[in-house]
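Some notes on the model follow, as numbered points.

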Amino acid sequence: MLDARTLQQLTDIVGAENIATGAQDLICYGYDATQMEFLPDAVVHPDSPEQVSRILQLANKENFPVFPRGAGSGFTGGALPKGGGVVLVTTRMNRILRIDTDNLVAEVEPGVVTETFQMAVEKLGLFYPPDPASLKFSTLGGNVAECAGGPRAVKYGVTKDFVMGLEVVLPTGAIIRTGGETVKGVVGYDLTKLLCGSEGTLGIITKIIFKLLPYPDSKKTMLTVFDSIDGAARAVSTIIKNKIIPTTLEFMDHATLTCVERRFNLGMPESARAVLLIEVDGDRDLIEKQAGQIHKLIEPLGLVQFRVAKDAAESEELWRVRRLVSPSLRDVNPDKFNEDIVVPRSKVPDVIRRIEVIQKRYDIPIVNFGHAGDGNIHVNIMIDKSVPGQIEKAHEAIKEVFQAALDLGGTMSGEHGVGLAKQPYIPLELNAEQIAAMKAIKAALDPNNVLNPGKMLP
Amino acid sequence: MTKKHTDPLERVAQEMKKCVKCGACRANCPAFSTFQREPATARGKVALAQHLMKGDITLDDGTYSAMSKCLLCGSCVDKCPNQVPTDEIVIAAREALAQRRGLTTFHKAVGQVIKNRKLMNFGALAAAVLGPVFFRKVPSTSGLRLRFPMPFIGGSRHIPQIAKKPFMKRHPEIIKGEPGKPTIVFFVGCMTNFVYTEIGEATLALFRHLGCTVIIPQGQQCCGLPGMSGGDLETVRGLAEQNLAAIEKHQADYVMTACATCGGALHKLYPLVVGKRNPELKARLQAVADKTVDAAVLLQKLGLHPEETGTGQRMRVTYHDPCHHRTAGIAKQPRTLLQETPGLELVEMEGADRCCGLGGTFNVYHYESSLDINAGKSKAIIDTGADAVVTGCPGCIMQLSDGLKQAGDKTRVLHTVELLARKIRR
């Protein structure tokens, strides 16, 4: 609990209209997409790095935890105030500071919504590719802190691949710059990469310098339907093996298709067992050629339908299948655990087979879809929490799914992070020495453990 | 059965569970876009409603204020991955708050007025709420009182002129058409009856042109939507029953309205919130709901040829989608009619389906925010360079006119039927 004097000091820093302690605000800043809830003691909305710094200095002096938060759309609880304390919301810092068309870089504040930024650079013929599913509402600060991915990662990579430099308020309140805006730079440790994906445990990001690309000339969307899950999984590795890197390679398994079909009646062929949504972008002639090559390569793998969008409207129609997945899943069971394992791309068929075995052993529906092109599969374990024993069963199944990914040379999480949700499973992937090294970094930067305590590391 | 009120939130308990707090509603909520605080989002309101149902939240001004920050525009429902009906949840939460805490003075006044047809003389209450502009012209029975509660709004709002003679007083109850042609009940609505009577005249002219028999039931009341804004569901239920009785008195093929808001009440709200404990009543309301149709949609269905009836004047127009149309899937029909009208060039504005910011009582409690939302709308309209913005809801017409006047712009604001009927009304 915060005493009245501390609350007054916080009020002095951000102003009375930017601090809230009413029950309504505490409830509304106590959740995120994990469906967990923890009530903070206060919510503050600072507007500058200086205010953030003063809040953190006060936290060290008065010993209260601070939980940075963007849009609160995370899947693992990174922004949740477990144990109480102060939620620090970054969304007032939402200015695009500059878009430099000479050097193809942009500088933004952390509260800018991802899509807003994309639209701003696209107006200038530039391109910021990371496209997490939440891009219409998630913030860039949150994207960097969680190292968000998205479908286009197959070709372009994830958020950290576009971050060149940061301004960060360290847990003690010091304001530092990391990296810069040059393509090369090797002076000192690469703190930029360290902070990307640090889930708000090492610093609060107050400015971001992004690398930009020229906007691709054109793109082509293909919807391909297979008569076996194995065929689709092999199609992924076949395309990559033949040195074609699509922009996106989205995968949906039979369970996913059944859900979508039942609810939306899209007229999929009877024999459909898996779907790949493939997109290529770049020079017009090149993508025509690539589309042809892809068709030829995947034809022998049990292809039962191959549709190419003629224009943007048709492309949107093909994407609709993918977008309808989320609302359809509830028909299987009311609750889901949404995991995002990654395996090397060539191992996608293997991991799918392993998950089928796990599904049968535990007798709970597991629905798989996601970014197969980069080996990132969204494994949705569908349960009904009101049925006794289901939650425990789900946790056991999740553990085996993680183990399968790790056995195949992969990782437990590609883009959702650890936060609170995956914390118990960390020892499956990291050994004691790795964890100790990470804890040493945390202790060095945050000696009083005030910034997002209790997250990520066990 | 106990006499205790059943909690209106129980009605939506299962629906609330569908909300996974993903945050998608942050991208689409006009209220959030102006307040920029989480309690204004759909998921925030769902979370608060859940706590309210559990009883572990105090019923202070904060809860009331959070629930008031909703235009009931339905944008969040359209874009929600799990299709959580937050509009229904907010309606239930407002009702629950009203039951637990009582209505606010303002909403009590609204309820008194919209449900009492006999209150024809202006009492002190009406004078206090209405102010001098309407003192003489608007009967205290009208839901309009909610649209212009003078003490509650800033002095800057532009208020439309009130008609000298209400629309319904100018016409008989039954206007016979040609034999074999459809019979249509015209649900007029307060805005058309008292303020924008031209909309009523144009609508009537168009259906008469098609040979329809038009019935204007004299017993019809305010649709009650303004009451719902404040959680006064009892008043809504009373009005629903009165309107039902007035409509059922006549044999008709359709129940038609030229007001998107009234249409929303008849089509969706009544069966939803009225007669939950009375299946027979619910079935009757549903029967009316099934027959309810928007004027433009019906005109198209009955084969209106706008080249015979509509304006010949060269005009560039843009179309604004009322929220109650968007949520009912009405968008193409009015546009098609306008495109078929000689002389009209239809240009799309940016965000045509975004809420204008009126939102029942929202614009009363949050006039500044309502203006803020409206300013974005005005800019989109002005950017098209259109001579007129056209829409299908008198509420939107009032709000859009206000916004454009605040912006110092002269773009005209018209109802679809006004353009469609211009030739036959000359």
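1. In this predicted model, domain 2 of chain A puts 11 residues in contact with nine residues of domain 4 of chain A. On the domain 2 side, seven of these residues are nonpolar, two are polar and two are charged. The centres of domain 2 and domain 4 of chain A, taken over C-alpha atoms, are 27 Å apart.

2. For reference, the domain assignment of chain A places domain 1 at 4-89, domain 2 at 96-214, domain 3 at 216-331 and domain 4 at 333-440.

3. Between the chains, 21 residues of chain A and 22 residues of chain B make up the contact. The largest share, five residues, is that of α2(A). By class, the chain A side holds nine nonpolar, eight polar and four charged residues.

4. Chain A has an open sheet of seven strands with antiparallel pairing, in the order β15-β12-β14-β13-β17-β18-β16. Each of the edge strands, β15 (303-308) and β16 (335-342) of chain A, has a single partner strand, so one side of each lacks a neighbour in the sheet. From one strand to the next, the twist averages 15°.

5. Within this sheet, β13 (residues 248-252) and β14 (residues 274-282) of chain A are joined by five bridges in the antiparallel sense. Thr248(A) has Glu279(A) in β14(A) as its bridge partner.

6. Helix α13 (residues 348-362) of chain A packs on the sheet and touches β17 (366-371) and β18 (376-383) of chain A. The directions of α13(A) and β17(A) make an angle of about 160°.

Methods:
Residues are numbered from 1 along each chain as its sequence is written. Chains are lettered from A and ligands numbered from 1 in the order in which they are written. This is a predicted model: local features need pLDDT of at least 70, side-chain atom pairs count only at pLDDT 80 or more; totals for chains, interfaces and linings use all residues. Domain bounds come from an automatic or database domain assignment. Two residues are in contact if their C-beta atoms, placed from the backbone, lie within 7 Å. Ala, Val, Leu, Ile, Met, Phe, Trp, Tyr, Cys and Pro count as nonpolar, Asp, Glu, Lys and Arg as charged, and the others, Gly among them, as polar. Helices (H or I, at least four residues) and strands (E, at least two) are DSSP runs, numbered from the N terminus. Two strands pair if DSSP finds at least two bridges between them. Axes are lines fitted to C-alpha atoms, for helices over the stretch in contact, and angles run from 0 to 180 degrees between N-to-C directions.
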